[in-house]
Amino acid sequence: MLDAMGLVHSAPGLRRVNVVFGMLATLGIVYLVENTLLAAAVLIPFWIVLFRPWGLDDALIFSIASLFFLGQNYAVLKTGGFAFTHKDVLLMPYYEPFLWGVYYLALKRFIGEPAVTVRLQWNAFFGLFLTGFCFSVFSGSSDMLWGATLVSTAVLFLMFHERYDLVYALSALVLGLVVELFGVSAGLWEYPDPDFLGIPYWFATMWLSVGLLGRRFLIPLAELAARRIRRTITPLSAEP
């Protein structure tokens, strides 16, 4: 079934087509609309339509990822790990933090794993801390960051290696390769010490970590928070 804008929201195969279309359209808008505030104003309603119907967990995934990468990107940007052409807020364009919320929603919709498949466990918190520490502390040197994140990503794979972990990791890696090659070729950002085609080797460990931590930390956290919010709201709505 197609909605009024022709976007697909039904069968798994068509849903994946919708996600791919949405990501390509997103990159196209970022490239064509030079004013970053205007680009954000165009992208946000586009994403609202693209990913409807939104569940509470979807809204939480988008919000948590956007807030987290607002801080994580800034930590790397201020060390010179990479640089955006437009430095509107915290050394990044206005739309940049929201893109990460969209990347995670795109991965979730594209892969289509059933909800509440993974419980939020302590090792997910450890993995998030380890990965965030490496990218925050070692981002001033591309070689050191590559080495440190090889270790942190290996630790993630030792902890998380179910079938869907691998699917999330490889899907994020493919998405990341497209995004990174697009960004540097379009002149939207640059790396001081690229290794091939304008990007560093550590892009791979970053995006693999994005996939693994998305499945093991972000999505379970959002689903847990959504369940608790619903339990809190339901008794209140039942009161006369």
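## Ground rules

A crossing counts as left-handed if the near helix is turned anticlockwise from the far one by less than a right angle, and as right-handed if it is turned clockwise. Helices here are DSSP runs (H or I, at least four residues), numbered from the N terminus.

The model is a predicted one, where local features need pLDDT of at least 70 and side-chain atom pairs count only at pLDDT 80 or more, while totals for chains, interfaces and linings use all residues. Residues are numbered from 1 along each chain as its sequence is written, and side-chain values use heavy atoms, with hydrogens and water left out.

## Helix 4 against helix 7

Two packed helices are described by the angle between their axes and the distance between the axes. Axes are lines fitted to C-alpha atoms, for helices over the stretch in contact, and angles run from 0 to 180 degrees between N-to-C directions. Helix 4 and helix 7 pack at about 130 degrees, with axes 10 Å apart. That angle makes helix 4 oblique to helix 7 (under 35 degrees is roughly parallel, over 145 roughly antiparallel, 65 to 115 roughly perpendicular, and the rest oblique). Helix 4 passes helix 7 in a right-handed crossing.

Who touches whom (contact means heavy atoms within 4.5 Å)? From helix 4 come Y103, L107, K108 and I111, and they meet Y164, V167, Y168, S171, A172, L175 and V179 of helix 7. By class, that's nine nonpolar, one polar and one charged residues. For the classes, Ala, Val, Leu, Ile, Met, Phe, Trp, Tyr, Cys and Pro are nonpolar, Asp, Glu, Lys and Arg are charged, and the others, Gly among them, are polar.

## Helix 1 against helix 7

Helix 1 and helix 7 have axes that come within 12 Å and cross at roughly 15 degrees, which makes helix 1 roughly parallel to helix 7. This crossing is right-handed too. On the helix 1 side the contact uses M23, L27, V30 and Y31, and on the helix 7 side L175, V178 and F182. The class count is seven nonpolar, no polar and no charged residues. L175 turns up in the helix 7 contacts with both helix 4 and helix 1.

On a 1 Å grid over the protein atoms alone, a pocket is an open set of points with protein on both sides within 12 Å along at least five of seven lines, a cavity is a set where a 1.4 Å probe fits but cannot get out, and lining residues have an atom within 4 Å of a point. Grid points are joined across faces, edges and corners, and a volume is the space filled by probe spheres set on the points.

The largest pocket holds about 480 Å³. Its lining has 30 residues, with F68, F69, Q72, W100 and V210 nearest the centre. Helices 3 (56-77), 4 (96-111), 5 (122-137), 7 (163-185) and 8 (202-238) each give two or more residues, and helix 8 has the largest share at nine. The classes split into 22 nonpolar, six polar and two charged.

The second largest pocket comes to about 280 Å³. It has 13 lining residues, and V19, V20, M23, F110 and L175 sit closest to its centre. Helix 1 (12-32), helix 4 and helix 7 each supply at least two. Twelve lining residues are nonpolar, one is polar and none is charged.

Note on methods. Contact means heavy atoms within 4.5 Å.
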